[in-house]
Amino acid sequence: MIEESPIQNPGAADWRYGYGEFDKAVSALKHLETLPHFTGEAWQGGDAWPDKKLGWLQLTAGGGHAGNDLQHAVVRRWISPVAGSVSIEGTIRHEHSQGHGIRAYLHSNRHGLLGQWVLHNREAEAAVESVAVQPGDTIDFVVSIHESLNSNDFLWAPLIRMTGPDAMRDANGYAREWNAKRDFSGPPSPREAPLTPWEQFAQALLLSNEFLFVD
């Protein structure tokens, strides 16, 4: 059962956390499945980690762990709520000499592959100066094992920011941005249903003087 947690800021609603297979032949994600369990600090397969079914798949605020094979790459997806241009920043780090490292892909559903890296005990800048987006467009940050399941955890917390003269800005002039680490969140809590007229009437009675001051 998925645990619920409130969205901490509006940007949290624009991220999804899942897994799938990245098809190198067509440079695209074959599918995206949602990671089913949120621990309060990580999205993963279940209470235990590794999970009996989904193995080592995990996403955290700062990074995560690739799945057990190439069919189970971990995916942090951003869904654009805006029209315009955005830049992408972020350092991908693999910090182990053991194993064979990770594969990382940066992919746009509109523009295709924006970058790819094989990292073994090193880091790379995953940066795009400007990419056009429309509402509903997706940008995927994908990480899989490279050649083996061995020390495949990584750090990657991308930053997406609106660019150009039409960028949405706050009162201080800062462009709207989405920070994967800051925005990281579990599933939103369901909105409370509005009170019915009778419930509103009962609430009003309970707040009246006759109920507040009982002899």
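**Salt bridges and nonpolar cores**

Arg182 and Asp183 form a salt bridge through their side chains, with an N to O distance of 3.1 Å. A salt bridge is taken here as a side-chain nitrogen of Lys or Arg within 4 Å of a carboxyl oxygen of Asp or Glu. The model is predicted: local features need pLDDT of at least 70 and side-chain atom pairs count only at pLDDT 80 or more, while totals for chains, interfaces and linings use all residues. Residues are numbered from 1 along each chain as its sequence is written, and side-chain values use heavy atoms, with hydrogens and water left out.

Asp183 is buried, at 1% relative accessibility. Arg182 is partly exposed, at 41%. Buried denotes under 20% relative accessible area, exposed over 50%, and partly exposed the range in between (1.4 Å probe, protein chains only).

Arg182 also pairs with Glu177, in a salt bridge of 3.6 Å, N to O. Glu177 is partly exposed, with a relative accessibility of 26%. A salt bridge of 3.1 Å (N to O) joins Glu177 to Arg161. This pair links distant parts of the chain, 16 residues apart: Arg161 lies in strand β18 (residues 159-163) and Glu177 in strand β19 (residues 177-179). Strands (E, at least two residues) are DSSP runs, numbered from the N terminus. Arg161 is partly exposed as well, with a relative accessible area of 25%. Glu89, Arg161, Glu177, Arg182 and Asp183 are linked in a network of salt bridges. The total count is eight salt bridges.

The largest nonpolar core holds 40 residues. Such a core is a set of buried Ala, Val, Leu, Ile, Met, Phe, Trp, Tyr and Cys residues joined through side-chain atoms within 4.5 Å. Within the largest core, Trp78, Ile139 and Phe141 touch the most other members. Elements giving two or more residues to this core include β1 (15-20), β9 (73-79), β10 (84-89), β16 (138-145) and β18. Strand β16 gives the most, with four residues.

Phe141 has contacts (heavy atoms within 4.5 Å) beyond its neighbours within four places in sequence. Among them are Trp15, Val74, Trp78, Ile88, Leu106, Trp156 and Ile160. Arg76 and Pro158 are also in contact with Phe141. A second, separate core has six residues, including Ala73, Val75, Tyr105 and Val142. In soluble globular proteins, nonpolar side chains tend to be buried together.
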